[in-house]
Amino acid sequence: MCIYGPPRLGNCSIILIYRTRDTFFVTPAPISIACPGYEKLCFIWGGETTVTLVGDGLGGRCQEMGLAALIALGRHPVPTSSLHPRITVVITSTDGQDGPTDASGVIVSCSTAPEAENQGLSPLSYLDRNDSYTFFSKLNGGDNLLKSGLTGTNLMDIVMVFVEFN
């Protein structure tokens with residue numbers, strides 16, 4: 001699995017594994033069809049996306065991808081059956097610094113978009129401004145930000161997707 005292109009809405013669904021030639025989808029069903037009989041799955045891959053700056057916000061490519069994933073996950077029903085698994089996405093840098101911030105990445109899940117809505121946050125407006133760090137700092141008091149500190153190594157960004165079927 002390779003990560004291509006900017007971590008914007010059009011490409012964020014790569015996090016959730018299923019893609020066609022030019023379009024990425026967030027669809028839990030293909031995962032369950034491809035892996036019948038599994039109750040829990042973990043997908044791990046690495047690479048680095050690019051971020052095209054169009055706004056004046058603060059953040060890094062892992063946080064931007066996490067914000068795009070949050071938006072994509074928010075388009076699907078909260079998990080209630082095996083057709084709608086619980087999905088958690090962890091995106092982090094190996095050097096401990098994502099962009100010009102003190103965060104190394106973020107963690108989002110199916111419940112993160114409703115939490116943002118309940119807190120009056122509009123993920124898309126922050127994504128449009130490339131302001132993912134500010135968004136995640138405000139969301140849940142910053143609890144979704146990963147802050148590992150500098151690691152002294154720089155290999156690549158790592159994406160982990162945890163899928164749990166009810």
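Ground rules first. Numbering starts from 1 along each chain as its sequence is written, and side-chain values use heavy atoms, with hydrogens and water left out. In this predicted model, local features need pLDDT of at least 70, side-chain atom pairs count only at pLDDT 80 or more, and totals for chains, interfaces and linings use all residues.

Confidence next. pLDDT is the predictor's confidence in each residue, from 0 to 100. The chain's mean is 78. Of its residues, 71% reach 70 or more. Residues 1-34 stay under 50. Where pLDDT is low, the predicted coordinates should not be read in detail.

Now helix 2, residues 61-74. Helices here are DSSP runs (H or I, at least four residues), numbered from the N terminus. How far apart are the end C-alpha atoms of helix 2? They are 20 Å apart. The expected span is 1.5 Å times one less than the number of residues.

Last, the rings. Aromatic rings of Phe, Tyr and Trp (its six-membered ring) pair if their centres lie within 6.5 Å. That gives 2 aromatic pairs. Phe135 and Phe136 pair edge-to-face (planes over 60 degrees apart). Their centres are 5.1 Å apart, with 85 degrees between the planes. Both are buried. Ring pairs link Tyr126, Phe135 and Phe136 into a cluster.

Terms used
Helix = DSSP H or I, 4+ residues; strand = E, 2+ residues; numbered from the N terminus. Phe/Tyr/Trp six-rings, centres within 6.5 Å; stacked < 30°, edge-to-face > 60°. Buried < 20%, exposed > 50% of the residue type's maximum accessible area, 1.4 Å probe, protein only. Contact = heavy atoms within 4.5 Å.
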